Amino acid sequence: MRDVAALAGVGLKTVSRVINEEPNVRPETMRKVLDAAERLDYRPDINAGNLKRSARRVHTLGLVVGNVANPFSGAMSRAVEDVAGRRGTAVFTSSLDDDPQRETQIVGEMLRRRVDALILTTVRRDQSYLVREQERGTVLAFVDRLPSGILADTVVSENASGAALATRHLATGGHRRIAYLGDMHTLWTAQERLRGYREAMSTAGIAADARVLEDLSDEAAAYQAVQRMMTDDDAPTALFTSQNLVTIGALKALRDLGLQRAVALVGFDDIPLADIIEPGITVVAQDPYAMGRIAAERVFARLDGEAGDARTEIVPVTLVTRGSGEIPPRAS
């Protein structure tokens with residue numbers, strides 16, 4: 001605050017009044033203080049009244065997930081909480097709702113609370129805005145999606161190879177008209193899964209791009225896409241749904257059309273009750289609990305003093321056959 005006051009040419013008390021949004025500060029003075037704070041990358045510490053400046057931890061961990069309503073995020077959060085609980089550390093969890101603007105907003109709020117570390121599932125294309133925070137000593141780890149513009153420990157699934165595995169499974173079953181239904185194209189996971197699908201289609205000698213649908217961010221969008229797709233004269237005989245909410249939407253559409261036993265379906269990531277539905281849903285299953293556990297363990301290892309280059313851990317996926325992915329292609 002002293003640095004901000006000096007740069008803005010005002011007193012320390014004035015900086016405090018601006019930062020705490022107290023009334024009766026002239027607009028031009030407020031602008032000078034805020035401009036100085038931005039130039040110095042000043043961030044108020046809401047715990048400063050209770051903590052003396054030291055290397056002491058506050059025993060809190062920030063966890064930022066894509067969408068807390070997604071079962072994948074829930075399982076990952078559970079794992080982080082389990083590891084943190086054994087270390088006497090509280091976890092603050094927030095959902096991005098896959099909104100890039102919320103990423104910087106939520107991360108900023110967590111950093112104001114001076115969490116010891118952050119575990120993030122990213123949405124923005126670039127995370128270089130966190131480099132300075134990393135240099136200050138905040139431990140960072142990324143989970144599910146690779147960051148860009150920064151080096152830090154990262155935990156991801158076998159996205160491309162898992163998507164190729166699903167696509168090959170359908171092609172081996174005799175399908176040639178295999179549609180891809182993907183998440184938002186800006187997400188790294190979606191890009192990797194589409195890459196795996198295309199590589200497997202190319203290996204099988206099948207044209208891919210004509211049946212690629214992207215930017216299906218929820219069940220409703222996937223439902224509508226499948227409803228439209230299946231009315232075509234050249235409708236696909238198989239679907240690869242590359243995200244669990246997309247799988248649920250596609251499944252509902254097939255059931256409403258009476259095609260759940262006629263069109264093959266393989267989803268990326270498991271869904272609730274997948275083994276109870278008839279036919280059971282074939283999936284490429286991730287292990288979100290393992291991903292969250294490994295990310296939390298990496299964070300505590302760094303907090304305990306482990307040095308060295310950033311590491312990327314890749315968690316294997318598994319093809320789970322239950323029936324929907326084994327439906328043979330129907331006659332044209």
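Mentor: Helices (H or I, at least four residues) and strands (E, at least two) are DSSP runs numbered from the N terminus, and contact means heavy atoms within 4.5 Å. This is a predicted model, in which local features need pLDDT of at least 70 and side-chain atom pairs count only at pLDDT 80 or more, while totals for chains, interfaces and linings use all residues. Residues are numbered from 1 along each chain as its sequence is written, and side-chain values use heavy atoms, with hydrogens and water left out.

Trainee: Which residues of α10 are buried?

Mentor: A residue is buried under 20% relative accessible area, exposed over 50% and partly exposed in between, with a 1.4 Å probe and protein chains only. In α10 the buried residues are N244, L245, V246, T247, I248, G249, A250, L251, A253 and L254. Because ten of its 13 residues are buried, α10 is largely enclosed by the rest of the structure.

Trainee: What span does α10 reach, and what caps its N-terminal end?

Mentor: The expected span of a helix is 1.5 Å times one less than its number of residues. From first C-alpha to last, α10 reaches 19 Å, close to the expected 18 Å. Its N-terminal end is capped by Q243, which places a side-chain oxygen 2.6 Å from the backbone nitrogen of L245. Just after the helix, G258 takes a positive phi of about 70 degrees.

Trainee: How many cavities of 30 Å³ or more does the search find?

Mentor: Rolling a probe the size of a water molecule over the atoms shows where empty space is left. A cavity is a set of points, on a 1 Å grid over the protein atoms alone, where a 1.4 Å probe fits but cannot get out; lining residues have an atom within 4 Å of a point. The search of the whole structure finds one such cavity of 30 Å³ or more, and the largest cavity has a volume of about 60 Å³. Its lining residues include L251, L254, R255, E278 and P279. Helix α10 (residues 244-256) gives the most to this lining, with three residues.

Trainee: Where does R114 lie?

Mentor: R114 lies in the loop between α5 (100-112) and β3 (117-120). Although R114 is not a glycine, its phi is positive, about 55 degrees. With a relative accessible area of 22%, R114 is partly exposed.

Trainee: What does H169 touch?

Mentor: H169 belongs to helix α7 (residues 159-172). Leaving aside residues up to four places away in sequence, H169 touches V266, T282, L319, T321, G325 and E326. With E326 there is a polar contact between side chains, at 2.5 Å; such a contact is a pair of N or O atoms within 3.5 Å, and within protein one must be able to donate a hydrogen and the other to accept it, while residues adjacent in sequence count only if both atoms are side-chain atoms. At 21% relative accessibility, H169 counts as partly exposed.

How values were computed:
1 Å grid on protein atoms, 1.4 Å probe; cavity = no way out; pocket = protein on both sides within 12 Å on 5 of 7 lines; lining within 4 Å. Points joined across faces, edges and corners; volume = space filled by probe spheres on them.
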